[in-house]
Amino acid sequence: MRNWVRNENVQMTAIALATAIGAQFKINPFREDYFRIGLGVSIFLFLLMIMPHLSYVKTGILTGIANLIFQSVDLLSHVSTMPILESMRDNVGAGMYYVVFAYGLSKIKHRFHAFQPLVLGGMITIIDFSSNMTELLLRGIFNGTNIFYMKEWLYLLIVGALRSYFVIGLYNSFAVRQMRLLHAEQEKRMEQMMSVNSGLYGEAFYLKKAMNTIEGITADSYELYRDLRENEMNEYSQRTLGIAQQIHEVKKDSQRILAGLLKVYDSEKAVHLQLSEMLHFAAKGNRKYAEMLNKQITIKKQQQFDCESPYCIPLLTVMNNLVANAVESIETQGTIQIHVYEQGMDVVFEVTDSGKGIPESKRKIIFEPGYTTKYNEVGIAATGIGLSHVRDIVQSLEGTITVDVPEGAKGSKFVVCIPKVSLVKEAGADDAFYSDR
């Protein structure tokens, strides 16, 4: 069914029939004459403008034939004594109108978006007037009617202009709606891409960090093996060597996984985003997260600094973690404030929430791996690597992160300071993975 609807011949036939039917709603501007102005022209113009992939000339010929048949039958129904051939002869001009109109429109169809609406309307008005004059000329030839009426010509020009600008306005409204839908779809895909990349970045970050640890353990194990062998503790030395070899295999497997992750991540690494766009995605995603948890949370943004950065994915990972933690710290309802501003040579990101807060005694250890305040329904603690992950990423950008209590309010305030130069400078794909650069 879908393929049938997309068939161009079917589409051209549908336009011809719709135009012919619409043309039956008409007015006759000239007394005692069969010349008429109908709704069909507006339908014909609008459908052609939204279907530029069709052959305009073929569509015009089909529409001309359909209108010739429809109007001839309509004329015969009013004048029963008129022969069929004479009726068709009287309406040849009406059919030819659509052929000329479609031919003229085909010359500018690929430039609809290049012209200003006023200019485009003027050009279509000229095409419409020329088509009307062709119809009048044929009627003069076949019927012997006088076509040289300046008053009627002016009337045709005015009607053509009104019709053209009306259809262009309708078409522009349709195009604007299509653009809005396309923009919404693109934003949705961008949000999905940013979310995936943020998670992918975090996985790759920790995998690379783990590989550095594994490499150190491998080296230490091998050194221990040599020490044991030198002390002629052969049994222990062989067991230590086996452990070192197994760790080395784990390292090689991790390298293969990391190479695959980096390959996928690098395909999107070239995308540079504004900080404002990054904040938009962080706020939007966590609003949905709050809704999922059945919490009424207002997330506000206050941005006093913006720039384009190649590190929006790492920054999004940081902001997602901080805002998600803020969402989780609020019991049922509250507010989260995201504030970005410039302070000397640094850019400051503040995430303030109205949640339960963090005790002063815990503020120095919350960034350590393993620390957590989150437990599932059976009392099992979470891994506690979220904030340590955030700290490592911030340090990889040569920044700092601290936690404090908001002035005169309960809750927590996380403050991330990153040098402006670290946000805007270009770097290799792996630079942001190192926490000690």
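The model is a predicted one, in which local features need pLDDT of at least 70 and side-chain atom pairs count only at pLDDT 80 or more, whereas totals for chains, interfaces and linings use all residues. Residues are numbered from 1 along each chain as its sequence is written, and side-chain values use heavy atoms, with hydrogens and water left out.

The protein contains 13 helices and 9 strands, defined as DSSP runs numbered from the N terminus (helices H or I, at least four residues; strands E, at least two). Of its 437 residues, 42% count as buried, where buried means under 20% relative accessible area, exposed over 50%, and partly exposed in between (1.4 Å probe, protein chains only). Among contacts (heavy atoms within 4.5 Å) between residues at least 6 apart in sequence, 73% join residues at least 24 apart.

An unreviewed UniProt entry lists residues 34–54, 114–133 and 153–171 under "transmembrane region"; the positions follow the numbering used here, feature names are shortened, and such annotations may be inferred rather than shown by experiment. In the model, the chain over residues 114–133 is 85% helix and 0% strand, with its end C-alpha atoms 27 Å apart. Over residues 153–171 the chain is 100% helix and 0% strand, and here the end C-alpha atoms are 27 Å apart.

Aromatic contacts were examined next. A pair of aromatic rings is described by the distance of the centres and the angle of the planes. The structure holds 4 aromatic pairs, counted for rings of Phe, Tyr and Trp (its six-membered ring) with centres within 6.5 Å, and classed as stacked for planes under 30 degrees apart, edge-to-face over 60 and tilted for the rest. The rings of F44 and F101 have centres 6.0 Å apart and planes at 50 degrees, so this pair is tilted. The pair links distant parts of the chain, with F44 in helix 3 (residues 40–50) and F101 in helix 6 (residues 92–106), 57 residues apart. Both F44 and F101 are buried. The rings of Y97 and Y98, with centres 5.2 Å apart and planes at 85 degrees, form an edge-to-face pair. Y97 counts as buried at 3% relative accessibility, as does Y98 at 4%. Together, F44, Y97, Y98 and F101 form one aromatic cluster.

The C-alpha atoms of L224 and Y236, which are 12 residues apart along the chain, are separated by 9.5 Å.

An open sheet is formed by 5 strands in the order 4-6-7-9-8, with mixed pairing; two strands are taken to pair if DSSP finds at least two bridges between them. Strand 4 (296–303) and strand 8 (400–404) stand at the edges with a single partner strand each, so one side of each is left without a neighbour in the sheet. From one strand to the next, the twist averages 15 degrees, with axes fitted as lines to C-alpha atoms, for helices over the stretch in contact, and angles running from 0 to 180 degrees between N-to-C directions. Strand 8 pairs with strand 9 (residues 412–419) in the antiparallel sense over 5 bridges, and I401 stands opposite V416 in strand 9. Helix 10 (residues 275–292) packs on the sheet, where it touches strand 4, strand 6 (333–343) and strand 7 (346–353), and its direction makes about 175 degrees with that of strand 4. Helix 11 (residues 312–329) also packs on the sheet, touching strand 4, strand 6, strand 7, strand 8 and strand 9, and its direction makes about 20 degrees with that of strand 7. In strand 8, I401 and V403 make up a covered face, while T400, T402 and D404 make up an uncovered one.

Two loop residues complete the description. N294, in the loop between helix 10 and strand 4, has a positive phi of about 60 degrees although it is not a glycine, and counts as exposed at 70% relative accessibility. E398, in the loop between helix 12 (386–396) and strand 8, has a positive phi of about 65 degrees and is likewise not a glycine; at 39% relative accessibility, E398 counts as partly exposed.
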